[in-house]
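Hi everyone, thanks for coming. Please take a moment to look at the sequence and the model on the screen.

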Amino acid sequence: MLKVSIIVPVYNVAPYIIRCLDSIYNQSYPNIEVIIIDDCGCDDSMKIINSYLTPEKLLKTHIIYHNKNKGISAARNSGINIATGNYLYFIDSDDYITHDCIKSFVDIAIKFKNPDAIFGSATLSPKGWNKEEEISVDKEGIPEYSNDIHYIRNSIFKSFLQSLSTSHQIPIYVWNKLIKTNYIKSQNLYFKEKMIYEDLVWSWKNGNAIKSIAFNKKRTYFYQYSPNSITNTSYGTKNLDSEVIIIRELLKNINYKYLILQLHYILHYAHSSFCRRQGEKRLKPSYIRYPQALVFLIRCLFTKPEKLRYI
């Protein structure tokens, strides 16, 4: 029976953590280990967790205590390092999953003889309107399984471009994926630390490395949109610095077989990042703005991020 390690970074999620843990420990699939990483928040999250964990739950639980706040990338990396499962599953601690989530992923893993990763469908909580938005892989043209590397690379990097308009062909997020542990470690797919938007760089590297993929078309994950999270509040210096680091990392990890597709995304990303630094000046004509954004992209390679915060 395949073993699944569920990695749960915890930082200031007291209102949501019981809902998350209930959804994990009540899974219909029994062979799981739960890795909880205490990333030194300043609320009662860990106190709530310690009260929640019964002796029975503790038998399948590992808790990692960081000595200071290191961020979600470091928390996920800590989880990867001690995981003993055949597969890993990342969940954010303010989200939750369906009762049969892990079983539905494992069934697909067995059916297709252990693909590198299985991508799933999710529901996003409302973003300010009275309806929910779905991220679905149950779409025409998406197969149950593929080991066609050209299809995989092409689909993933087209999804990067589609993400600029918030419409994804396939999800490029880290959460709600079953990922082979040996694949992550052999490809050195650890998360870059001390930055925001760490999922983007990880997903880019994953897109260049993955050789077999399957899709779980059931809706198994519920993403809690938080307007107060660091990625959804107004841009600060850490956001701006992270964008420069991302541009460097994407360029450093270009797959030249897909140069046009990948460079297309990087140019769009650099243009968006450049415009965020411009304030009202971003409204200048495109024939001026685009060449300046290209210069910004080149400067990202040679200039310290803090010197590019406002240009």
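First, some ground rules. This is a predicted model, so to speak of local features we need pLDDT of at least 70, side-chain atom pairs count only at pLDDT 80 or more, and totals for chains, interfaces and linings use all residues. Residues are numbered from 1 along each chain as its sequence is written, and side-chain values use heavy atoms, with hydrogens and water left out.

How confident is the predictor? pLDDT is its confidence in each residue, from 0 to 100. The protein averages 91, and 92% of the residues score at least 70. Please be careful with residues 228-233, where the pLDDT is below 50. That stretch has nine contacts in the model beyond near neighbours in sequence, a contact being heavy atoms within 4.5 Å. Where pLDDT is low, the predicted coordinates should not be read in detail.

Now to the helices and strands, which are DSSP runs numbered from the N terminus: helices are H or I with at least four residues, strands are E with at least two. Helix H4 covers residues 72-82, and eight of its 11 residues are buried, so H4 is largely enclosed by the rest of the structure. Buried means under 20% relative accessible area, exposed means over 50%, and partly exposed is in between, using a 1.4 Å probe and protein chains only. Among the buried residues of H4 are Arg76, Asn77 and Ile80. What covers them? The cover includes strands S1, S2, S3 and S4, along with helices H7 and H8.

Let's stay with H8, residues 198-209. Its axis and that of H9, residues 237-252, come within 10 Å and cross at roughly 5 degrees. That makes H8 roughly parallel to H9. Here axes are lines fitted to C-alpha atoms, for helices over the stretch in contact, and angles run from 0 to 180 degrees between N-to-C directions. Under 35 degrees counts as roughly parallel, over 145 as roughly antiparallel, 65 to 115 as roughly perpendicular, and the rest as oblique. On the H8 side we have Leu200, Val201, Trp204 and Lys205, meeting Ile246, Glu249 and Leu250 in H9.

H8 also packs against H10, residues 259-276, at an angle of about 170 degrees, with the axes 13 Å apart. That makes H8 roughly antiparallel to H10. Leu200, Trp204 and Asn208 of H8 make this contact with Gln262, Tyr265, Ile266 and Tyr269 of H10.

On to charges. How many salt bridges does the structure hold? There are 14, each a side-chain nitrogen of Lys or Arg within 4 Å of a carboxyl oxygen of Asp or Glu. One of them joins Glu249 and Lys205, at 3.7 Å from N to O. Glu249 lies in H9 and Lys205 in H8, so the pair ties together parts that are 44 residues apart in sequence. Glu249 is buried, at 7% relative accessible area, while Lys205 is partly exposed at 24%.

Asp241 and Arg309 meet in another, at 2.8 Å. Asp241 is buried at 13%, and Arg309 is partly exposed at 25%. Lastly, Lys218 and Asp100 form a salt bridge, with their closest N and O atoms 3.0 Å apart. Lys218 sits in strand S10 and Asp100 in the loop between S5 and H5, 118 residues apart.

Methods
pLDDT = per-residue confidence, 0-100.
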